[in-house]
Amino acid sequence: MLHFTRYNRNWGLSRSLFNPVKLLMSADGVSFNMRSLRYAERFVPCGYAWVTVDVRGTGASDGSRPIDFSPQEIQDYQTVLHWVLDQEFCDGQIGSCGISYDGMAS
């Protein structure tokens, strides 16, 4: 499951909190976006991998974004989608979900 969000920052958390469900952590390996937690708690135990992306210029992401869904932001979605497809955990099927902005981005 792929989740794009502009809300909140990634929070530093102990890896041991998530070992039972094997959540995919951020690039630094120790942080997780808490807005995603309620979704991940549902999907990961059912065998899904969960990937949360802080949209460019929001949360813990670098860059800037002049408007929602700018051409660069849409290109970022494609870049992340291809990255996920290349990961060992991905079987070629990707879902996405969310509410508010997150839902529109899905």
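**Ground rules.** I am working with a predicted model, where local features need pLDDT of at least 70, side-chain atom pairs count only at pLDDT 80 or more, and totals for chains, interfaces and linings use all residues. Residues are numbered from 1 along each chain as its sequence is written, and side-chain values use heavy atoms, with hydrogens and water left out.

**Salt bridge.** I looked for salt bridges (a side-chain nitrogen of Lys or Arg within 4 Å of a carboxyl oxygen of Asp or Glu). I found one. It joins the side chains of arginine 56 and aspartate 76, at 2.7 Å from N to O. The pair links distant parts of the chain, 20 residues apart: arginine 56 lies in the loop between strand 4 (51–54) and helix 2 (71–85), and aspartate 76 in helix 2. Helices (H or I, at least four residues) and strands (E, at least two) are DSSP runs, numbered from the N terminus.

I then checked accessibility. Buried means under 20% relative accessible area, exposed over 50%, partly exposed in between (1.4 Å probe, protein chains only). Arginine 56 is partly exposed at 28%. Aspartate 76 is buried at 18%.

**Helix 2.** Which residues of helix 2 are buried? I noted Glu73, Asp76, Tyr77, Val80 and Val84.

**Cysteines.** I searched the whole structure for disulfides (a pair of cysteine sulfur atoms within 2.5 Å) and got zero. Cysteine 90 is buried at 14% relative accessibility. Cysteine 97 is buried too, at 17%.
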